[in-house]
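Colleague: Could you walk me through how to read a few features here, giving the general idea before the particular case?

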Amino acid sequence: MIKEAHILVVDDEEVVRLSYARSLASAHCKVEMVSNGQDALQVMGKRPFDVVLLDLRMPGMNGMTVLSTIKRQWPESEVIIITGYPALETAKEAVSLGAYDYLAKPAGPDDIIQVTHAAMNHKRWTLRSEPAPACPALH
């Protein structure tokens, strides 16, 4: 049985948080939302999340600092950067810090569901302790 994914949405814009949460709730995920990086790290300290959807530009702690902290303290959590200010430099930095993916806003509901599902699959395969089942021989 596949467990329900626990997702944390971190964005300073309420409309964005609600949009992502609504999309993921329809995909049967448990979603929590916070508006800044400091709150994200506090919530992660209480219970780690499978996937974190993280904005880069927020008041206070920026997304790169949050990403770096999450990957250092909770390396099994997958982080997806979603930014309204995409740039090649920040994409490279995010990936080097351990981000699973990097998306430009606006990201539609299907994009959010698809990237979250892919991140969960990646996490499941990464944490899998037994070898993957062999593929049946093709006849």
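Colleague: In which sense do strand E1 and strand E2 pair, and over how many bridges?

Modeller: This is a predicted model, in which local features need pLDDT of at least 70 and side-chain atom pairs count only at pLDDT 80 or more, while totals for chains, interfaces and linings use all residues. Residues are numbered from 1 along each chain as its sequence is written, and side-chain values use heavy atoms, with hydrogens and water left out. Strands (E, at least two residues) and helices (H or I, at least four) are DSSP runs numbered from the N terminus, and two strands pair if DSSP finds at least two bridges between them. Here E1 (residues 6–10) and E2 (residues 30–34) pair in the parallel sense over five bridges, and leucine 8 has glutamate 32 in E2 as its bridge partner.

Colleague: Which residues of H1 are buried?

Modeller: Buried means under 20% relative accessible area, exposed over 50%, and partly exposed in between, with a 1.4 Å probe and protein chains only. In H1 the buried residues are Val16, Arg17, Tyr20, Ala21, Ser23 and Leu24. Viewed down the axis of H1, these buried residues fall within an arc of 165° (taken from the directions from the helix axis to the C-beta atoms), so they line one face of the helix. On the other side of H1, Glu14, Val15, Arg22 and Ser26 are exposed.

Colleague: Why does serine 23 count as buried, and what is serine 23 in contact with?

Modeller: Serine 23 counts as buried because its relative accessibility is 8%. Contact means heavy atoms within 4.5 Å; leaving aside neighbours within four places in sequence, serine 23 is in contact with Pro109 and Ile113.
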